[in-house]
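Please read it alongside the sequence and the structure shown here.

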Amino acid sequence: MSDAPLGLVAGGGRLPFVLADAARAQGRRVVAVAHHGETDPTLERHVERLDWVRVGQLGALTAILERAGVVQVVLAGSIGRVRSLTQARPDWSALRVVASLRSRRDDELLRAVAAHFEAHGLKVVAPQDVTPTILAPSGLLAGPALSAEQQKDVALGAQVAASLGAADVGQTVVLRGGVVLAV
């Protein structure tokens with residue numbers, strides 16, 4: 001493993017903390033870039049270094065990671081949609097990325113940001129690459145085995161969720177008796 005620090009692009013929520021702590025437990029140094037108004041400032045106690053940017057300052061964020069000698073970067077945490085639309089301060093790098101998009105959907109935007117990082121020599125890694133225990137194991141975790149009807153709901157739910165995800169509509173569905181109750 002390289003001596004280079006892990007770059008952590010931090011949004012809101014607990015995931016940046018989980019990843020920072022897991023990387024440090026593996027003996028890795030962590031350099032984080034946090035987003036004003038999104039990231040919990042106490043993340044500073046969990047990383048070697050914490051710098052701040054505004055949502056949309058992609059060039060500044062990239063420069064911070066490059067100066068720190070980061071080779072791998074993980075994106076973790078949420079960026080609120082309303083804040084990203086109303087309080088973003090896009091720099092030239094962000095404007096170039098946005099101009100290259102065919103749509104403004106989340107998935108396409110994240111892929112374009114990842115491509116930007118990769119073009120700057122920053123390999124984007126998945127959270128489970130930093131800490132494999134973040135994913136639940138497959139199979140039954142608790143409670144009784146699913147009935148045949150519940151198994152059908154799960155299969156249908158997987159199809160509906162995949163369709164919604166492809167349309168960038170949502171990530172979760174609730175079904176009962178073959179009927180979608182919520183998205």
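Predicted model: local features only at pLDDT ≥ 70, side-chain atom pairs only at ≥ 80, totals over all residues.

Contact here means that heavy atoms lie within 4.5 Å of one another.

**Thr-39 and its surroundings**

- Thr-39 sits in the loop that runs between β2 (30-35) and β3 (49-53), and because its relative accessible area is 7%, which is under the 20% cut-off, Thr-39 counts as buried.
- Once neighbours within four places in sequence are set aside, the residues in contact with Thr-39 are Ala-10, Gly-11, Gly-12, Ala-34 and Trp-52.
- A polar atom of the Thr-39 side chain lies 3.0 Å from the backbone nitrogen of His-35, and a polar atom of that side chain lies 3.3 Å from the backbone oxygen of Gly-11.

**The nonpolar cores**

- In soluble globular proteins, nonpolar side chains tend to be buried together.
- The largest nonpolar core in this model comprises 18 residues, and Leu-61, Leu-65 and Phe-117 are those with the most contacts inside it.
- At least two residues of this core come from each of β2, α2 (58-67), α4 (92-99) and α5 (106-119), with α2 giving the most, namely 4 residues.
- Apart from this core lies another, of 17 residues, which includes Ala-23, Ala-32, Ala-34 and Ala-76.

**Leu-65**

- Not counting residues up to four places away in sequence, Leu-65 touches Gly-7, Val-9, Val-31, Val-33, Val-70, Val-73, Phe-117 and Leu-122.

Conventions: Residues numbered from 1 in each chain as written. Heavy atoms only, no water. Buried < 20%, exposed > 50% of the residue type's maximum accessible area, 1.4 Å probe, protein only. Polar contact = N/O pair within 3.5 Å; in protein donor to acceptor, adjacent residues only side chain to side chain. Core = buried A, V, L, I, M, F, W, Y, C linked by side-chain atoms within 4.5 Å.
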